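Student: Could you take me through one part of this structure in detail? I would like a close look at the surroundings of the ligand, and then at a residue and a helix elsewhere in the chain.

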Amino acid sequence: MPSPTLTTAWQSLLTHRDEMGLPDIKAWFHADPERASRHSMAVAGMLLDYSKQPVTGKTMSLLVNLAKAMNVPLWTQRMFAGDKINFTEQRAVLHVALRNRVNRPIVVDGVDVMPNVNRVLQQIAVFSDAVRGGGWRGHTGDLITDIVNIGIGGSDLGPAMACAALKPFGDPRLRTHFVSNIDSTHLAETLALLNPASTLFIVCSKTFTTQETLTNAHSARRWLVEKLGSDGAVAKHFVAVSTNTKAVAAFGIDTANMFEFWDWVGGRYSIWGAVGLSLALLIGKERFGEFLDGAYEMDQHFCTAPLAQNLPVTLALLGIWQRNFFGAETAAILPYSQALARFPAYLQQLEMESNGKRIDREGKPVDYATAPIIWGEPGTNGQHAFFQLIHQGTSVVPADFIFALSSEYPQSDHQNKLMANCLAQTEALLRGKDAGEVQQELLKMGFNAEQVNHLTPHRVFPGNRPSNSILLDRLDPKTLGKLIAAYEHKVFVQGIIWNLNSFDQWGVELGKQLAPQILADLAAGLGADEHDSSTHRLIGAIARRHGGKQ
Ligand code: F6P
């Protein structure tokens, strides 16, 4: 593929951006009463309104031209067909097979993957019934009340986010916990909440070699054996999710209690199968099925809707417009939903591990920006923290405001106040407040002319700051499935347009390679000479304090 910047579409977008000048989105709303309906789309229970973005009809059609020029439809077909588009690891990219609800055969290396997918889904369903129904009990015969997922990255963020989001749909007897950090605080504070006799640990690791996960899993096993007084207890309190049968057996988990997945499922795309085990246990097999149904519905939309009416494609193109043509360095994810509190963290891995890259598919350095920095917190909390910068700072931060029509905990007027705040923020970002308005306000408040002049610049809001509004009918399993799948496909489309391999993550490897040597140096109490002097001195300082122990 050529660099996107060499396409006519990219060049036309540059010219268009220059002709547009400083976009006055507010004025466009005044000039066009249909603007909001023209720049929004509804897809099965999800409404995307992007009319507060600096786009016109022409912008959108030029962006669609870019998607065409970079062959987005062809690459989409290739992904869904099981081609090995993750070429640096020689792997297909088939998270969509995990939610292929019509069982369309998908062939990799001459073998249809669907029978195995269905076998594991069935295993999850049977196990979930057993744990929830009391057929599966702990070593001492207790019902399981607490499920602890030990994993990190893609083996943690997805299920942790989804279990928090869908807790209202969960079995009230079951509590889910997530231990990811190698910092012993995470495990210790979780174990302190638990009764070993009624706790089930899921050791969740694609490779089953990840240092954090294995360290936590071994410590959790020691705790369990010590508390229950028998090695035999492990069989009823530990199951595994992995692609690595040998390593699971070596850990001491019966491979009959291993839930398998495959190298063609990327960690950050893995919530839909075995990695979703904690979610399936919490919400049950039917609800878990609805979660997959939602994702499948989004897949169908993504594969069949024309590019101009395609929700994930539109999200991707708006992101590219902001990143590559307006220089937005970051993008905020602002769920107005406490249930989606972990969604920004989940998207950080999805977007930044996928597209945080500077080498294109031909192995050449890119000369354009790729993934922005993704960050965010749920509203309304963010309003009382970092929104100051979004409204009045020197950086323009495009933001996705995500909210649901109803709450699973209806409580007097909370939901209306939540939604009112969300809309007020998007409106304020668009509308701003000019000096004239500020002056009028201050005069009405009784300030004198000198005070008004003094205060006015500080109280002006520039406005015309971009946002997307994503309104969900309800945050239920099906809608959450759709929402996650929409963002997955958005990231895919951006990766194609940026000419990247979105499915490897070599950038996480170097630190992992260096850590064992430093661990050895800490134990020996010295910094080896190959370290830079800063690292060398820090190793020395730590080793002196701990005497090589810990
Ligand atoms: O270090 C990054 C990473 O490889 C992620 O891509 C992955 O989701 C995570 O670590 C966990 O890996 P595993 O599931 O193999 O333990």
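Tutor: Happy to; we start with the ligand, then turn to an aspartate and a helix. Keep in mind that this is a predicted model.

The ligand has 14 residues around it, and those that come nearest are Gly154, Ser155, Ser205, Thr207 and Thr210. For Thr210 the distance is 2.5 Å. An N or O atom in the side chain of Ser205 is 2.6 Å from a ligand oxygen, and for the side chain of Thr207 the value is 2.6 Å. The protein covers 87% of the 400 Å² of accessible area that the ligand has on its own. By residue class, the shell holds 9 polar, 3 charged and 2 nonpolar residues.

Now for Asp476, which sits in the loop between β13 (467–472) and α19 (477–497). Asp476 counts as buried because its relative accessible area, 15%, is under the 20% cut-off. Its side chain makes a polar contact of 2.6 Å with the side chain of Thr479. Beyond its neighbours within four places in sequence, Asp476 is in contact with Leu166 and Phe169. The C-alpha atom of Pro168, 308 residues away along the chain, is 8.9 Å from that of Asp476.

In α14, 10 of the 13 residues are buried, among them Phe343, Tyr346, Leu350 and Glu351. At 1.5 Å a residue, α14 (residues 343–355) should span 18 Å, and its end C-alpha atoms are 18 Å apart, so the two agree.

Note on methods. Residues numbered from 1 in each chain as written. Predicted model: local features only at pLDDT ≥ 70, side-chain atom pairs only at ≥ 80, totals over all residues. Heavy atoms only, no water. Helix = DSSP H or I, 4+ residues; strand = E, 2+ residues; numbered from the N terminus. Buried < 20%, exposed > 50% of the residue type's maximum accessible area, 1.4 Å probe, protein only. Contact = heavy atoms within 4.5 Å. Polar contact = N/O pair within 3.5 Å; in protein donor to acceptor, adjacent residues only side chain to side chain. Expected span 1.5 Å × (residues − 1). Near = heavy atom within 4 Å. Areas by Shrake-Rupley, 256 points an atom, 1.4 Å probe, with all protein chains shown as cover. Nonpolar A, V, L, I, M, F, W, Y, C, P; charged D, E, K, R; others polar.
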